[in-house]
Amino acid sequence: MRAHRGFRGAATRGGLQTLTVAAEASGSFARVLRFLYLVERFPRPLTLSRVSFSQGETGEWSGVFELEVLKIQ
């Protein structure tokens, strides 16, 4: 499985700062789903704002995830 991450920036919502992170994972469907499973169990409050899955012609799956994480100051 390959995973790519990128930071899109910080924002202030409700007096708290959040960090927006874009991540992409590819591999077997089970591996991409495992990546999502691990993201959901991150030890900080987060919101998944976008999730999409697709399967390429070779059978490899990819998942694109955009999440907002509470920033530690």
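Here are some friendly notes on how this chain is put together, point by point.

1. **Before you start.** This is a predicted model, in which local features need pLDDT of at least 70 and side-chain atom pairs count only at pLDDT 80 or more, while totals for chains, interfaces and linings use all residues. Residues are numbered from 1 along each chain as its sequence is written, and side-chain values use heavy atoms, with hydrogens and water left out.

2. **The overall plan.** The protein chain has one helix and four strands, and reading along the sequence gives the pattern β-β-α-β-β. Helices (H or I, at least four residues) and strands (E, at least two) are DSSP runs, numbered from the N terminus. Of the 73 residues, 26% count as buried; here buried means under 20% relative accessible area, exposed over 50%, and partly exposed in between (1.4 Å probe, protein chains only). The accessible surface of the protein chain is about 5,100 Å², with 52% belonging to carbon and sulfur atoms. Those areas come from the Shrake-Rupley method with a 1.4 Å probe, and for residues only the protein chains shown count as cover.

3. **Contacts across the sequence.** Among contacts with a separation of 6 or more, 50% come from residues 24 or more positions apart. A contact means heavy atoms within 4.5 Å.

4. **The helix.** Helix α1 has 12 residues and reaches 17 Å from its first C-alpha to its last, close to the 16 Å expected at 1.5 Å a residue. That expected span is 1.5 Å times one less than the number of residues. Which residues of α1 are buried? They are Val32, Phe35, Leu36 and Val39. Seen down the helix axis, the buried residues of α1 fall within an arc of 95°, so they line one face of the helix. The arc is that of the directions from the helix axis to the C-beta atoms.

5. **Strand β4 and its neighbours.** Seven of the 10 residues of β4 are buried, so this strand is largely enclosed by the rest of the structure. Two strands pair if DSSP finds at least two bridges between them. Strand β2 (residues 16-27) pairs with β4 in the antiparallel sense over 10 bridges, and β3 (residues 46-55) pairs with β4, also antiparallel, over nine bridges. For a few partners to look up, Leu19 is bridged to Val69 in β4, Arg50 has Glu66 as its bridge partner in β4, and Gln55 stands opposite Trp61 in β4. The hairpin of β3 and β4 has five residues between the strands, and Gly59 there takes a positive phi near 95°.

6. **Aromatic pairs.** How many aromatic pairs does the structure hold? It holds four. Rings of Phe, Tyr and Trp (its six-membered ring) pair if their centres lie within 6.5 Å; planes under 30 degrees apart count as stacked, over 60 as edge-to-face and the rest as tilted. Phe29 and Trp61 have ring centres 4.8 Å apart and planes at 65°, so this pair is edge-to-face. The pair links distant parts of the chain, with Phe29 in helix α1 (residues 29-40) and Trp61 in strand β4 (residues 61-70), 32 residues apart. Phe29 is partly exposed at 36% relative accessibility, and Trp61 is partly exposed at 22%.

7. Phe35 and Phe65 form a tilted pair, 5.4 Å centre to centre with 40° between the planes. Phe35 lies in helix α1 and Phe65 in strand β4, so this pair ties together parts that are 30 residues apart in sequence. Phe35 is buried at 14% relative accessibility, and Phe65 is buried at 1%. Ring pairs link Phe29, Phe35, Phe53, Trp61 and Phe65 into a cluster.

8. Gly63 belongs to strand β4 and is buried, with a relative accessible area of 0%. Leaving out residues up to four places away in sequence, Gly63 touches Ala23, Glu24, Ala25, Val32, Ser52 and Phe53. Ser62 also sits in β4 and is buried at 17% relative accessible area. Counted in that way, the contacts of Ser62 include Ser26, Val32 and Ser54.
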